Amino acid sequence: MSAASSTDPVPNRIHARPVPRPGRWIAAAIVVVLAAMAVHALVTNPKFAWDTVGLYLRDVTVIRGVGWTLILTVGSMLIGIVLAVVLAIMRRSDNPVLRSVAWFYIWLFRGTPIWTQLVFWGLISVLYPTLSLGIPFGPEFVTFETQTVITAFWAALLGLGLNEAAYLAEIVRAGLGSVDKGQEEAARALGMKESTILRRIVIPQAMRVIVPPTGNETISMLKTTSLVSAVPFTLDLTFATNAIGNRIFEPIPLLIVSAFWYLLITSVLMVGQYYLERYYGRGTGESKPRGRGPRTPRLGRQAAIKASGTAKDDPFLEVTP
Amino acid sequence: MSPTPASSAPMVEVREAHKMFGDLHVLKGVDLTVRPGEVCVVLGPSGSGKSTLLRCLNELEVLTGGSVRIEGELLGYREDASGTLHRLHPTAIAKQRSRIGMVFQRFHLFPHMTALENVVEAQVQVLKRSKAQARAKAVELLERVGLSDRMDHYPAQLSGGQQQRVAIARALAMDPEIMLFDEPTSALDPELVGEVLAVMKDLAARGMTMVVVTHEIGFAREVADHVVFMDEGVVVEEGPASQVIDAPTHERTKDFLAHVL
């Protein structure tokens, strides 16, 4: 708004001096100097070998490692999400057997280190040399050699996915629990079946609580895949860059190569998360009515979630292995 | 409103209804009869069991004892030749519920859907109407409740009165035989009560059978064919509005009316 003009609707507009805050300038100056020192130290130290970093950034083995890391991240999150929804629904069930089995699963897989679980999945063929399909405790129809079915890749994928399911199950459960009971009642009063209520009414509303921590989990999973050497699976980004680094006796530039790729993928995931959150936040802002496709500012959405008082604010929900 | 002839078969018939919540005895043998086209208003202080009674009429609460019949059909159970009750499958109960419209105190619109989508949803999911058919019906009903310019708004963008009118349209879209209203104006700002009551009056004038739990004595006097006063889980007094509201015979009814009028 224009201040000094005869059209000002506020005739006695206040023109006061702001409170002097020299501390802000001093603090900003200190931080800028520290940041400049850090950048200088990075760029000028020859031990970082930036030319080697540039050389290996697009190395075939490294790019292949990026591919495997992405496959492991996406695959294990898919396994995790599907299983987590099943576990969360089991935990809400009337059936005490289903409830306790889900509880036990979450207890076991959250309560042991991911490293231990990955080593275990790698050793599965030692524990059970053959797998078979048949009647429980009865005759077997088909028998496989475990080694040929559960390869290092599948062991890594299973290990990561089954572990992730335990964490995601709690997130999904909190999400389902965050939906107002009145929603289910209103849907029931309209004659909807329980499965329809879950699919059309409860889950879409739970998503705005589920998506943000799940995005967080995906970013976390990207980096957890670096532990698959425990299986051992040897094609992912971290293993590839470590192997090159050890071979050419220059571990540090190769660490930077892998850090660069993890950061790049994380940044892409963050963009995707932003759009997902915006989609599932529809109907909770004060934005204009939609034409086609929802658009809701995030601030309004967060305010609405807080105002509804339905979202659980559990700091332990986002803890990752 | 002229009272419906007493000869017509009851739309709702509640017999000896008892409801326990743990050790809490909320309904202690309630009888209620509502005839087709009748507007029945249930009055009573908080905790008198009136909302519980209403929720039992569409199985949102399950009776501990007694029975509810809608158009002669037993709600929630099948009775075999020997008189033994068999609990109905949830799908069958859902089907019974789809014939009974309900409007809640706090609206309970689906917040992730626009007003139009709220009215369309159950028509498509439950009645298996085509999207186009459901949409046409929804547009017609939203126009009827005066919201033709708010169809693409989300519930958060509507006032309380507008939300409640969408909720009424959502229930009407199922072509219910009876409409239940659970304190439909209690959560509204005073200046918004009138627009909801106007929609309800219009509905009554069109001959809809209605059971209304409310504190709006004016509405009861004007629209109700039948007023029921409940206290402590029993029906204390019932009859036409002119009798129960203007000439109550029981102390408790007089006491309650003195407080709310």
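Predicted model: local features only at pLDDT ≥ 70, side-chain atom pairs only at ≥ 80, totals over all residues.
View 1. B:D175 is partly exposed, with a relative accessible area of 43% (buried means under 20% relative accessible area, exposed over 50%, and partly exposed in between, with a 1.4 Å probe and protein chains only).

Residues are numbered from 1 along each chain as its sequence is written, and chains are lettered from A and ligands numbered from 1 in the order in which they are written. Local features need pLDDT of at least 70 and side-chain atom pairs count only at pLDDT 80 or more, whereas totals for chains, interfaces and linings use all residues, and side-chain values use heavy atoms, with hydrogens and water left out.

**View 2. Further salt bridges of chain B.** B:E251 forms a salt bridge with B:K254, with 3.8 Å between the closest N and O atoms; because the two are three residues apart in helix 9 (residues 251-260) of chain B, about one helical turn separates them. B:E251 counts as exposed at 59% relative accessibility, while B:K254, at 36%, counts as partly exposed. Another salt bridge joins B:D202 to B:R206, the closest N and O atoms being 3.0 Å apart, and B:D202 is partly exposed, with a relative accessible area of 31%.

**View 3. Helix 2 of chain B and its surroundings.** Helix 2 (residues 90-97) of chain B has the buried residues B:I93, B:A94, B:Q96 and B:R97. Seen down the helix axis, these buried residues fall within an arc of 160°, so they line one face of the helix (the arc is that of the directions from the helix axis to the C-beta atoms). They pack against helix 9 (181-189) of chain A, together with strand 5 (73-74), strand 7 (85-87) and strand 8 (100-103) of chain B, where contact means heavy atoms within 4.5 Å.

**View 4. The interface of chain B and chain A.** In this interface, 31 residues of chain B are in contact with 27 residues of chain A, and the two chains bury about 2400 Å² between them, 58% of it on carbon and sulfur atoms (buried area is the accessible area, with a 1.4 Å probe, that two parts lose on being put together, summed over both). In chain B, B:F110, B:H112 and B:Y154 lose the most area to chain A, together 23% of what that side buries. The rule finds two salt bridges across the interface, and A:E185 forms a salt bridge with B:R55, the closest N and O atoms being 2.5 Å apart.

**View 5. B:Q162 in helix 5 of chain B.** B:Q162 is found in helix 5 of chain B and is buried, with a relative accessible area of 14%. Not counting residues up to four places away in sequence, B:Q162 touches B:L147, B:R150 and B:E195.

Conventions. Helix = DSSP H or I, 4+ residues; strand = E, 2+ residues; numbered from the N terminus. Salt bridge = Lys/Arg side-chain N within 4 Å of Asp/Glu carboxyl O.
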